[in-house]
Amino acid sequence: MFRIDYVGTSPYINCLPSLYHHRLGPRDRFLILSSDGLYQYFTNEEAVSEIELFFELQPDGDPAQHLIEEVLFRAAKKAGMEFHDLLEIPQGDRRRYHDDVSVIVISLEGRIWRSCV
């Protein structure tokens, strides 16, 4: 089952943003905005590599939906079940297996994809 390993004191959520400044370069092709649920299954580098590979294989596909599906595949595998078995669990109960995940991928060439689970 999904488990958060964080043990701390309140407040658990604060309103201080986490900011990172990056000067765009010629190799920058997209921006991934997501909730923390994505990063329980991907590192930053893995998410970028997954999107780069996805663009190579399916240039007209939806990379945000692809990341969501990959999170679900990984959550199912971690729980020892098949992907479709995980999807059959009602959304409220599925929370025991993975965190909520929202993903927006913004192409620096003008397209935007968004998806959530």
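These legends walk through several close-ups of one predicted model.

Residues are numbered from 1 along each chain as its sequence is written, and side-chain values use heavy atoms, with hydrogens and water left out. Because the model is predicted, local features need pLDDT of at least 70 and side-chain atom pairs count only at pLDDT 80 or more, while totals for chains, interfaces and linings use all residues.

**View 1. The whole chain, end to end.** Here you get 4 helices and 3 strands, taken from DSSP runs numbered from the N terminus (helices are H or I with at least four residues, strands are E with at least two). Starting at the N terminus, the order is β-α-α-α-α-β-β. Of the 117 residues, 31% count as buried, where buried means under 20% relative accessible area, exposed over 50%, and partly exposed in between (1.4 Å probe, protein chains only). Contacts (heavy atoms within 4.5 Å) with a separation of 6 or more come 57% from residues 24 or more positions apart.

View 2. The pLDDT score, the predictor's confidence in each residue from 0 to 100, averages 84 over the chain, and 90% of the residues score at least 70. Helix 1 (residues 44-57) has the highest confidence at 95, and helix 4 (residues 91-94) the lowest, at a mean of 74. Where pLDDT is low, the predicted coordinates should not be read in detail.

**View 3. Helix 2 and its cover.** Helix 2 (residues 63-79) has 17 residues and spans 24 Å from first C-alpha to last, close to the expected 24 Å, which is 1.5 Å times one less than the number of residues. Its buried residues include His-66, Leu-67, Ile-68, Val-71 and Leu-72. Among the elements covering them are strand 1, helix 1, helix 3 (83-88) and strand 2 (102-107).

**View 4. A charged pair on helix 2.** Arg-74 and Glu-70 form a salt bridge, with their closest N and O atoms 3.4 Å apart; the term needs a side-chain nitrogen of Lys or Arg within 4 Å of a carboxyl oxygen of Asp or Glu. Because they are 4 residues apart in helix 2, about one helical turn separates them. Arg-74 is partly exposed, at 25% relative accessible area. A search of the whole structure finds 1 salt bridge.

**View 5. A nonpolar patch of leucines.** Leu-24, Leu-31, Leu-33 and Leu-108 make a nonpolar surface patch of about 370 Å². Patch residues have over 30% relative accessible area and no salt bridge; like charges are joined within 9 Å, and nonpolar side chains (Val, Leu, Ile, Met, Phe, Trp, Tyr) within 5 Å. Areas come from the Shrake-Rupley method with a 1.4 Å probe, and for residues only the protein chains shown count as cover. Leu-24, in the segment before strand 1 (30-34), is exposed at 59%.
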